[in-house]
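Please look at the sequence and the model shown here. The report that follows describes how parts of one chain pair with each other and how that chain meets its neighbour.

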Amino acid sequence: MPEPALLALTWRVTRRRFVSSPLALVAGLAFPVFIAWIGFKDSYAAAAKFFFFLLPHVFLIAAQDTVRSDLDSGALESVLFLGGRFRAYLEAKSLVLGAAAAGYAAVLFVLFSAWGVASGGFRPDFALRFGLGLIAGFYYMALAGVLSHFLRAGSNVLALLLVQAGALIGLIFSTTPRTGLLNYIASGRFPGLGPKLVFGSLVAIVPNVIVSGRLPLYAAEVLALLGLALAAQKRLTARLEIRK
Amino acid sequence: MIEAHKLAKRFGRVEAVRDVSFKTRKGTITAMLGENGAGKTTTLKIVLGFLRPDAGAVSIAPGRVGYIPDRPAFFPWLDGWAILGLTGARRKDHAPGNGRDFGASVLAAARSLLFDPALLRRRPAQYSAGNAKKFAYLQNLVFAPDLLVADEPFSALDPPSIKCVRELFCGLRDSGKTLLLSSHMLAEMERIADAFVVLRHGQTIAHAGLREWRLMRSARTGPDLESVFLRLAGS
């Protein structure tokens, strides 16, 4: 756990970065606007489906250029980060970004729930779905954090989105041979090891599917993958050097 | 203050540093000299903890450490005041809002470096190379280090600013601070340094105090530090 003074410094640096980034602000606001639009055009129940499924993607807004851009910019070669403190800063940055994204997600959830209570569409299982959305979101952040050791700027997030798009397009184009799998996904039951493994691979790429709350085994898989990604991130950060 | 022992660092096939050892004493200015690619910057980065040595060890006496890179860079979304505020917050006895007049001390330090305080409202990424260097000095003055390490301390500076920085170094030394400077400006180094470390091909080839250095110089009948350095470097 980074020292409190470093967490405070990291929070100030990160907050100023987001405030000065119109793209991040627009991306952050686009999600609630989209959900509200669905709700008003269709129904609260339809908005809820989109809200929980897309909630983990909110974390990707915060997960851009977490490591490589800072390292290559030379900004970490400063009196603020001497004595290997730049590694602790990068660890603190992951924590701060995760906490900020979770805080923003919580605010959105409270507003969404208030809307549901007012319209009579709120269901108690939403709390569980929100928790699963947070797990998937943290997994995204950890995965993007690992990729950010190798990819500059927002290309870590772009790479993730491209892999997701590729997987989903592949799934659509192989609909006929995979009709069984789609049925299994709809029912939440996977008879046999083959379909389980195929779906497990899909979950590793699109963890959003666990927010349905009907896939506890795969939620456990995402939790395990989150642990692995965090361990990989910690190991990579511990080996970092500023060579430029 | 700093003790480096048999440092070695390799980047792939390139052996940047293979046997660097030196000591600096408290309250002195030590100049690290060497040709391009001699391993000076790599050595400084090992000392400062930005790089891990493959072999050898560095020990630094307890205290605050400051650093002036050759080409300073800063977070592009922070303005000068914000960066100085973060730096002051690291030095708890000098943090903004603790009762001391942080702004006044910053302005005084800026003037001593011929740095226009109006620039502090702008982002250092927009500064000229010389002003970015002076801002890095200002940041370090706010931090008030016990040990200051500078890589090419005079690069990008105009003659009046070089004079200010020279006076700053001498003032810091006289107040008991320790300085380690890596530079190609031999005339400047000869004026202010108390000790010299000369690197060549990643190795320490000479390590001398000023008295020893002058003895070497007279023995070799060289007129100045430049001649001695060129002899040592085999140029």
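Two strands are said to pair if DSSP finds at least two bridges between them, and strands (E, at least two residues) and helices (H or I, at least four residues) are DSSP runs that are numbered from the N terminus. This is a predicted model, in which local features need pLDDT of at least 70 and side-chain atom pairs count only at pLDDT 80 or more, while totals for chains, interfaces and linings use all residues. Residues are numbered from 1 along each chain as its sequence is written, and chains are lettered from A and ligands numbered from 1 in the order in which they are written.

Strand β8(B), residues 195-200, is mostly covered, since 5 of its 6 residues are buried (a residue is buried if 20 or more other C-beta atoms, placed from the backbone, lie within 10 Å of its own). Its two pairings are set out below.

| Partner of β8(B) | Sense | Bridges | One bridge pair |
|---|---|---|---|
| β9(B), residues 203-209 | antiparallel | 6 bridges | L199(B) and T204(B) |

The hairpin of β8(B) and β9(B) has 2 residues between the strands, and in it H201(B) takes a positive phi near 50°.

Turning to the neighbouring chain, 24 residues of chain B are in contact with 18 residues of chain A, where contact requires that the C-beta atoms of two residues, placed from the backbone, lie within 7 Å. On the side of chain B that touches chain A, the largest share, 5 residues, comes from α2(B).

Terms used. Buried ≥ 20, exposed ≤ 12 C-beta atoms within 10 Å, placed from the backbone.
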